[in-house]
Amino acid sequence: MDYTSAPGYVTDAQGRRQYQDRDLLNGVKGTSLVAKDRNAVLNALMYLIQAVQIVPNPDDDSQVWAAVEAMIRAALVGTGGTLDFMPVQQGGGPNQTTDKINLGQDSTYEGLLRLSIDGADHGTLLSGTYLATITGTTGDLPGMGLWFQAASKRPAFTYQDATGLPKIIDLAMNSDVQTLQSNLSAFQTTQTNTNATLSADISQCVSGVYGVATSAGDRQGKGLYQAGGSARPTFVYNNGTTDVYNALAYYADVTALSATLSTDISNCVSGIAASGDAQGLKLYQSTGSGRPHFFYTGGDEYLATYTDVTTVQANLTSFQTSQANQNSTFATEIASKVGTNTTNDGVNSPITYLGHNNASGAPFVISPLAGSYRIIPSRPGAGFNSISNMSTDGSGNIILKDSSTADAYVYAPTSTGTIAANGNISGGWWVKTGNILRQCLKITSITVSGTIEITFPTAYADVPTVSAEWADLDGNSAWANVLTQNGAPVISATGVSLWARALGQGGALADSAGWGWVTVEGPVSG
């Protein structure tokens, strides 16, 4: 039976579009086999398999599925991707429309994302890095988010600092700015009124600087008031060290002095001055001080008595004894302090200053040779212990001991580097933590010998651990293991022998040329 009544389908006697085996006993004829149909199906499947570079294998019924899977993987994530995720879909979710969403880089401002929905532009999205560090300002940091805080009732901005830690900054609201502006306006009004009052008060004051000649030793006047105790006007000035209060005379004082001047002069000691000397005015015994009181033109002085001299001598002797004892105490205390060189002897230089920085909490020293530098402090916060000692061992490990236990904790420093090509090693990298060295070697072998000899760029202090990954140059499944001879792996502190094999078509095993990675890890002596 042909299939003209149902083109493209194999039919049964009743013309139904389904596959039906021939059943002559029951009057069911089979569809005649047409070579063109079979070839068309076979060619379509072969085209699909070969389109993804799969070598056709009549014994492998999974090749069509493998081809479909490879095309899906390439379309979603590119060559070598995985299918264990669901890609982002556009619209149609809960409480969403089915509109088409387009997301791409803004055509004018590089670094900004722009959104459109069903062909309508909806502007740019907030970027955390837009214009950062490209406007001439160094040290810019990426923003992470903007939200409203329930506690402070203000918007908050968070960013990532140079160490990778998040930082939060509260942002001011319009009401904050308005309150500040209102307070500023009120203060400005108050200050204007105060200034007006001060200006009126100042206009009524006597100037204390008018006519002052500082080159002649004049001093600025500070005040003029009526003293309640002396009942005289008092003038105040500063002599450079302290305030001086001078009572001023009334006219009645001057006239009274003039009336008694002749009597006073008759009682004075003659004080005729020689050239350049100040003239003596009077000399008398002061009842209050018990000493002679001498007046001269320009000032007065109390004169010392013999008792004053002997008292001063006794005080001087006592002070000298006390000072000698104090000097001894100082010498003992200085000897117990941290010493420092007086000069740079080529090995050590003097410390000129030792202090404590209140902002950082760290002590610091200043040296004329090295400048200012900090001393590492041990000042833990609440819940932490202080470091009682820090040292290093022969392997370069850092050893820390804190105040809470007698145990010490060892921290191994880490260093890294690259490995240059050499022989069948075409490159690689290494990382060393303490005295443990890991070398990752890229191996390329073009000789199909199966056995690959590898010499470690850096030898180990003991036999290390070795793992290998291998790829065949012909695209076959391949692997590499550490070669075993006489029941023992061929591996030493300086190298390893690998055995590489590949699974060819038909399941045949063969020695494999190819390339791969060999990871070696173990202790080193230096």
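Predicted model: local features only at pLDDT ≥ 70, side-chain atom pairs only at ≥ 80, totals over all residues.
Student: At 29% relative accessibility, what does aspartate 243 count as?

Tutor: Aspartate 243 counts as partly exposed, because its relative accessibility is 29%.

Student: Which residue forms a salt bridge with aspartate 243?

Tutor: Look for a Lys or Arg side-chain nitrogen within 4 Å of a carboxyl oxygen of Asp or Glu. Here lysine 222 is the partner of aspartate 243, and the closest N and O atoms are 2.9 Å apart. The pair links distant parts of the chain: lysine 222 sits in strand 7 (residues 221–226), aspartate 243 in strand 9 (residues 243–247), 21 residues apart. Lysine 222 counts as exposed, because its relative accessibility is 52%.

Student: How many salt bridges does the structure hold?

Tutor: Ten. Some residues are linked in a network: Asp106, Arg114 and Asp121.

Student: Where do the partners lie in the salt bridge of arginine 291 and aspartate 308?

Tutor: Start with the distance. The side chains of arginine 291 and aspartate 308 meet at 2.6 Å, N to O. Arginine 291 is in the loop between strand 10 (280–285) and strand 11 (292–296), and aspartate 308 is in helix 5 (residues 306–335), so the pair ties together parts that are 17 residues apart in sequence.

Student: Is aspartate 308 buried or exposed?

Tutor: Aspartate 308 counts as buried, because its relative accessibility is 16%. The cut-off for buried is under 20%. Arginine 291, at 30% relative accessibility, counts as partly exposed.

Student: What is the closest N to O distance between arginine 154 and aspartate 176?

Tutor: The closest N and O atoms of this salt bridge are 2.8 Å apart. Again, distant parts of the chain are linked: arginine 154 is in the loop between strand 4 (143–148) and strand 5 (155–160), while aspartate 176 is in helix 3 (residues 174–203), 22 residues apart. Arginine 154 is partly exposed at 29% relative accessibility. Aspartate 176 is partly exposed too, at 22%.

Student: Which residue in the hairpin of strand 4 and strand 5 takes a positive phi?

Tutor: Lysine 153, with phi near 60 degrees. This hairpin has six residues between the strands.

Student: What does strand 5 form with strand 6?

Tutor: A hairpin, with five residues between the two strands. Glycine 164 in its turn has a positive phi of about 95 degrees. Strand 5 and strand 6 (residues 166–170) are antiparallel, joined by five bridges. Glutamine 160 has proline 166 in strand 6 as its bridge partner.

Student: Now contacts. With which residues is threonine 455 in contact, leaving aside its neighbours within four places in sequence?

Tutor: Threonine 455 is in strand 22 (residues 451–455). Beyond those neighbours, threonine 455 touches Ile425, Thr494 and Gly495. Contact here means heavy atoms within 4.5 Å. C-alpha distances give another view: threonine 455 and alanine 493 are 9.5 Å apart in space, and 38 residues apart in sequence.

Student: Is threonine 455 buried or exposed?

Tutor: Threonine 455 is exposed, because its relative accessible area is 59%.

Technical notes:
Residues numbered from 1 in each chain as written. Heavy atoms only, no water. Helix = DSSP H or I, 4+ residues; strand = E, 2+ residues; numbered from the N terminus. Buried < 20%, exposed > 50% of the residue type's maximum accessible area, 1.4 Å probe, protein only. Pairing = 2+ DSSP bridges.
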